Amino acid sequence: MGIAATNILAARLKGSFVMSANDSIDYSPDVLGILLTARCNISCRHCCNCSGPEAEGALKLDFITGLIDDAVRIGSIREVGLSGGEPFLFLDLVGATLRHARGHGLGASVTTNGFWGRSARADRMLDDLRADGLTALCISTSQFHQEFIRLDTVVAAAAASRRAGLATTINVVASAGLQPDTIRDALGDLAGDVCIVVMPCLPTGRAAAKVDAREWPGLTAQPLGNCRHHFQKLAVDLAGDVWPCCSPGGFTPALQLGNANRTPIDRIVARAADNPLVAVLDAVGPAFFLPFLRGAGLADTFPDRFADQCHLCHAMLSDPRAASVVAAACRQLAGEVSQLAAPERPVGRIATIAATQEPAPV
């Protein structure tokens with residue numbers, strides 16, 4: 001007997017199809033994330049974008065401003081987030097982007113490795129960026145970053161950010177060689193004023209070849225969690241490709257929503273409301289697909305343990321055979337839901353998508 005997709009969905013929703021009052025049938029990201037450049041002053045072994053000093057250039061300002069102009073029509077966008085590469089290598093471009101975002105009433109954040117933290121110009125630089133419209137600063141560190149940039153430099157960057165009055169976050173890429181407590185201890189009196197966000201090192205980009213298996217964090221056979229939080233940050237890369245999240249695990253062909261060079265991003269996001277894969281990941285996460293994947297005879301190539309749900313998502317969508325299993329499971333779910341009596345159907349985007357899909361054999 002085959003796997004019943006609706007049974008798995010119900011289990012993932014804790015026995016009920018009822019979603020919370022805050023759930024929406026729309027795809028409503030809060031942040032427009034823009035990968036400004038692949039150029040970076042360092043070349044970390046774990047980098048999902050393979051950024052480094054050898055990369056050239058950055059996005060053009062006219063593309064960025066047009067992107068922001070289109071994004072404000074989405075309605076839910078509240079912030080522009082700039083990342084790379086290292087955006088602080090392009091301060092004029094960052095400043096112009098911040099000013100344009102501010103003109104639309106949007107907040108703005110920049111993600112940096114904090115290499116400038118001990119520079120005499122750090123305070124003035126951040127004061128100028130705050131005047132341009134910067135509201136938050138995210139500083140990335142890991143055992144891999146620290147092969148180039150010392151932790152005390154990262155702490156100095158966080159201190160400068162707080163002196164400038166910016167909301168400050170340190171993004172920690174967790175691995176066997178670095179845990180969050182190390183960062184908290186290094187922050188000292190700053191620890192209460194700086195948010196620490198932890199994400200595991202994933203085998204994507206340069207990390208797939210450059211990070212030794214002994215350096216990965218702990219793995220689990222059943223990564224929990226949906227993608228709703230990740231989907232709050234829409235991502236646009238250097239090619240103009242649009243993705244529903246900025247996680248290192250999310251840049252796979254099956255999740256590409258469109259290209260902003262060809263289609264306005266507000267239209268791309270509106271169209272994503274009918275994307276069955278995005279709907280399932282948003283509601284219950286990639287673990288929904290594990291029974292299908294493990295029943296498809298992929299044990300020879302598919303991992304059996306994962307750092308988190310982003311690792312699972314990357315593994316299943318970057319492998320063409322696994323991706324085809326995922327697509328078939330989405331079609332099956334749509335078909336099963338469409339055959340349920342109206343009172344038994346889930347509310348929210350999964351039900352809406354099922355109504356637009358051709359029913360699959362059950």
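I will start with charges. Arg45, Glu147 and Glu215 are linked in a network of salt bridges. Keep in mind throughout that this is a predicted model. Searching the whole structure gives 11 salt bridges.

Now some single pairs. Asp70 and Arg73 meet through their side chains in a salt bridge, at 2.8 Å from N to O. Another one joins Asp132 and Arg99, where the closest N and O atoms are 3.0 Å apart. Asp132 sits in helix α4 and Arg99 in helix α3, so this pair ties together parts that are 33 residues apart in sequence. Are the two partners buried or exposed? Asp132 is buried, because its relative accessible area is 15%, and under 20% counts as buried. Arg99 has 39% relative accessibility and therefore counts as partly exposed.

The next pair is Asp282 with Arg228, whose side chains meet in a salt bridge at 3.1 Å, N to O. Asp282 belongs to helix α9, residues 276-284, while Arg228 is in the loop between α7 (207-210) and β7 (233-236), so the bridge ties together parts 54 residues apart in sequence. Asp282 is buried, with a relative accessible area of 11%. Arg228 is partly exposed, at 25%.

Back to helix α3 for a moment. The helix covers residues 91-103, and Gly103 lies in it. Gly103 has 67% relative accessibility, so it counts as exposed.

Next, a loop residue. Asn113 lies between β3 (107-112) and α4 (122-132). Asn113 is buried, with a relative accessible area of 4%. What does the side chain of Asn113 have close to one of its polar atoms? The backbone nitrogen of Phe115 lies 2.9 Å from a polar atom of that side chain. Leaving aside neighbours within four places in sequence, Asn113 is in contact with a list of residues that includes Cys40, Asn41, Glu86, Ser140 and His145. Also among them are Ile139, Ile149 and Val154.

Two backbone details come next. The peptide bond from Gly84 to Gly85 is cis, with omega near 20 degrees. Gly85 is in the loop between β2 (79-83) and α3. The other detail is Cys50, which is not a glycine and still has a positive phi, of about 55 degrees. Cys50 is in the loop between β1 (31-35) and α2 (61-71). Its relative accessible area is 38%, so Cys50 is partly exposed.

In α6, residues 180-187, the buried residues are Pro180, Ile183 and Leu187. Looking down the axis of α6, these buried residues fall within an arc of 60 degrees, so they line one face of the helix. What do they pack against? The buried residues of α6 pack against β4 (136-142), α5 (151-163), β5 (167-174) and β6 (195-200). Just after α6 comes Gly188, with a positive phi of about 60 degrees.

The other helix is α8, residues 265-272, where Ile265, Asp266, Ile268, Val269 and Ala272 are buried. They cover an arc of only 160 degrees around the axis, which puts them on the same side of α8. Arg267 and Ala270 are exposed, and they are carried on the face of α8 turned away from the buried side.

Last, the domains. The protein is divided into domain 1, residues 25-218, and domain 2, residues 283-339. Their C-alpha centres lie 31 Å apart. The contact takes 7 residues from domain 1 and 6 residues from domain 2. Between them the two domains bury about 430 Å², with 73% of it on carbon and sulfur atoms. How many salt bridges are counted between domain 1 and domain 2? The count is 0.

Technical notes: Residues are numbered from 1 along each chain as its sequence is written. This is a predicted model: local features need pLDDT of at least 70, side-chain atom pairs count only at pLDDT 80 or more; totals for chains, interfaces and linings use all residues. Side-chain values use heavy atoms; hydrogens and water are left out. Buried means under 20% relative accessible area, exposed over 50%, partly exposed in between (1.4 Å probe, protein chains only). Helices (H or I, at least four residues) and strands (E, at least two) are DSSP runs, numbered from the N terminus. The arc is that of the directions from the helix axis to the C-beta atoms. Contact means heavy atoms within 4.5 Å. Domain bounds come from an automatic or database domain assignment. Buried area is the accessible area (1.4 Å probe) that two parts lose on being put together, summed over both. A salt bridge is a side-chain nitrogen of Lys or Arg within 4 Å of a carboxyl oxygen of Asp or Glu. A polar contact is a pair of N or O atoms within 3.5 Å; within protein, one must be able to donate a hydrogen and the other to accept it, and residues adjacent in sequence count only if both atoms are side-chain atoms.
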